[in-house]
Amino acid sequence: MSEPKSPTPSPGDTYKGWLFKWTNYIKGYQRRWFVLSNGLLSYYRTQAEMGHTCRGTINLATANIAVEDSCNFVISNGGAQTYHLKASSEVERQRWITALELAKAKAVHMQAQSDDSGDDCPAVPATSGQGGGCRNLEIQSTLRTLGSKVEDLNTCNDLIVKHGSALQRSLSELEGIRVAGDMGEKMRQVTERATLFRITSNAMINACRDFLSLAQNHSKRWQKALQVERDQRIRLEETLEQLAKQHNHLERAFRGATVLPPSFSNPALAHKDKKGDASDEEDDNEFFDAMEEPAEFITVPADPKYHRRSGSNASGFSSEIGMEDQSVNFDELSLASNPESPQPLELEPVRQRRTRIPDKPNYYLNLWSIMKNCIGKELSKIPMPVNFNEPLSMLQRLSEDLEYYELLDKASKSQSSLEQMCYVAAFTVSSYSTTVHRTGKPFNPLLGETFELDRLKECGYRSLCEQVSHHPPAAAHHASSEKGWTLRQEITLASKFRGKYLSIMPLGSIQCLFEKSNNHYSWKKVTTTVHNIIVGKLWIDQSGEIDVVNHKTGDRCHLKFAPYSYFSRDVPRKVTGVVTDKDGKAHYVLSGTWDEKMEFSRIMQSSKGENGTEGKQRTVYQTLKAKEIWRKNPLPEGAENMYFFSSLALTLNEAEEGVAPTDCRRRPDQRLMEDGRWDEANAAKQRLEEKQRIVRREREREAFKAASTPEEADAVETGTEANEALDETPYGPSLSPYLMEGNEGPYGAQIKSTHPDNYQAMWFEKLDDPVSGETLHVYKGGYWEAKEQGGWDVCPKIF
């Protein structure tokens, strides 16, 4: 049945007409046909679509109506539905607003009588369920209403039959009339009866329309209730299935644990390591099957008799732990309480470090204005404003790895290499604890930029970082301590932007050397993922695997950073690991989270349990009670207003006298941003980047001249001067296409394989490490001596 054609019916009943609806940034506002009826606002592309295709519907009972300007208004239900609409005139907009408000009030009233009728049914017996009883009352009320409508239809039908018969009789009599005088009377009767028939027919049509509308409304409500029941049944089935799988896993774990020697009694499941894959391609496949993955190993408590063993029976711990009382419980002995590794003495700080920086200002950032300027440009070479940054350099972020240097101090005093491995593994995990809330991007260091962290008098160590390469960007870090350890690393970042998130893969190796034992450890960092890049609140996750290797003894610690999964039962940011010797025998189990703490447990015995769901044989470890080896320091007060900096991070950019001219603390754009002067910081950042490009172009020209004949050098110089005006882009020199192996230079000269940038680092040199077999930049010395003498003549003026 067709809808009324009037463009402006009464607002309280049905209202329809043309409006402009916002679609997207490409098409903008598009003309759509809107229909307001029974508290629902629906729209179609054309009026012809009303009979078969509805483009969208929003319920006004839960919607908010807001007026933006003279012609625009917004309708939103607080969820995923938001309509940005525009009328042709202010009068038309006011008509729609009036109609929408009246329809919303009526819909809210109707919902209070039907959908919210649960509060009106307190007397339903508990045995039958209050919700079920109220639903029965609603159905009975609806049936009564439908019954009354059916009675109206029957009454209308009787009237139609009655008046139709009278009309037929009148027409039959009309045919037999011959007298003109009777003709007028009969015509009057026919007209009256036809009028009654038309009125009755209209009444029946209106009753049918009301009946149809009521049936449709209740049909939608019943369908919704049915869908809710179906969803609850599906969730219940999934819950039962998960419970059955958990019960099955527990039974298998128990059977696997009971096959151990008789000395192990009453095993109980402590925790299991969820298998996960951090690869981007398999995230979606494993996301819903996270709870079905078998655990790689299971830990259970060891037999109590191990807790009563003396030091001579402690399997190697007698030489590591001096026990004055032979009756001391073994589970109370831990690495953290090793008498042979006492806590370092408290050193009085030589200066009072700052505990606050200026609060982060609330600057508005127009993302679209930035993105439109990036069209056609390489993503890695787009200059980004400081609004995305934090007032620290990447070199300073590398130095933050030393926040928990005490772990390396304790490791240097360990008598056992396996015990030392536990401390080194905990140190690798602790370096990620500062990243959990740090969504700001650090400043990209300029080539030759340095950062020193001198805590020799306060903490017994000092470190130096230098940006040793610009393309690809690479930073070298060297730290040494009076406690007998040295840390060095070279980090190069690779990134992949996948729309919803950004994956950052650190390339390069981290090495730690201990003087006393000559142990040489190496490992690599895991992948950092920044989620909700375009829409939503940014959050960071760490995922992947780390193998910490002792190249001297062959000991190894395999750490697994589990990626976040909404369906996982494990705690978020979980980290698990196993310390093994060169023969593959497990000695320690580590577990915890990379943002809070790590614990370790000594393995007393291991055995192969029953096969998992995929046929993998899981290992059951009998362990002592877990002990804490590392815990994150609390953030300073007001950290949420200071970029979530830790206590160490707050001091990194503090101005100091005597540092090198290339130190990050002297960088003007970073200093201006910390002071809250972001507009000036953006201008200073662009100036520094352009200065760096000019220096690099000059350095490449010199490198090419040194590697070419005089004729080729003159030709290149001439071509460069002629084309320099056309090639003054901020993303590379004019000679770079010629400086790749296999290309032809000017006049057809073949170019040899020569790197276009002959830059040499100031304080580091590139060497091949004979122990790990890797190539990295190693500190060659001279920086601290230059600082004592104040001789910074070798430092370039990069700022």
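Modeller: A cavity here is a set of grid points where a 1.4 Å probe fits but cannot get out. By that criterion the structure, which is a predicted model, holds six cavities of 30 Å³ or more. The second largest cavity has a volume of about 70 Å³.

The lining of this second largest cavity consists of Asp-401, Phe-427, Thr-428, Ser-431, Tyr-432, Leu-487, Gln-489, Ile-510, Trp-523, Lys-525 and Ile-546. Sorted by class, six of the lining residues are nonpolar, three are polar and two are charged. The charged class takes in Asp, Glu, Lys and Arg, and Asp-401 and Lys-525 are in the lining. Two elements, α8 (417-430) and β15 (485-497), each supply at least two of the lining residues.

Cysteines come next. The structure holds zero disulfides. Cys-422 is in no disulfide, and the nearest cysteine sulfur, which belongs to Cys-557, is 7.0 Å away; a disulfide would need the two sulfur atoms within 2.5 Å. Cys-422 counts as buried because its relative accessibility is 0%, and the limit for buried is under 20%. Cys-795 has a relative accessibility of 9%, so Cys-795 counts as buried.

The backbone has some points to check as well. Most residues other than glycine have a negative phi. Asn-38 has a positive phi, near 55°. This residue is in the loop between β2 (28-37) and β3 (40-44), and Asn-38 counts as partly exposed because its relative accessibility is 44%. Phe-644 also has a positive phi, near 60°. The place of Phe-644 is the loop between β26 (627-631) and α10 (647-652). With a relative accessibility of 28%, Phe-644 counts as partly exposed.

Last, confidence. The protein chain averages a pLDDT of 76, and 72% of the residues score at least 70. Over residues 1-12 the pLDDT is below 50, and the model gives this stretch 16 contacts beyond near neighbours in sequence. Residues 336-345 likewise stay under 50 in pLDDT, with 18 contacts beyond four places in sequence.

How values were computed: Residues numbered from 1 in each chain as written. Predicted model: local features only at pLDDT ≥ 70, side-chain atom pairs only at ≥ 80, totals over all residues. Heavy atoms only, no water. Buried < 20%, exposed > 50% of the residue type's maximum accessible area, 1.4 Å probe, protein only. 1 Å grid on protein atoms, 1.4 Å probe; cavity = no way out; pocket = protein on both sides within 12 Å on 5 of 7 lines; lining within 4 Å. Points joined across faces, edges and corners; volume = space filled by probe spheres on them. Helix = DSSP H or I, 4+ residues; strand = E, 2+ residues; numbered from the N terminus. pLDDT = per-residue confidence, 0-100. Contact = heavy atoms within 4.5 Å.
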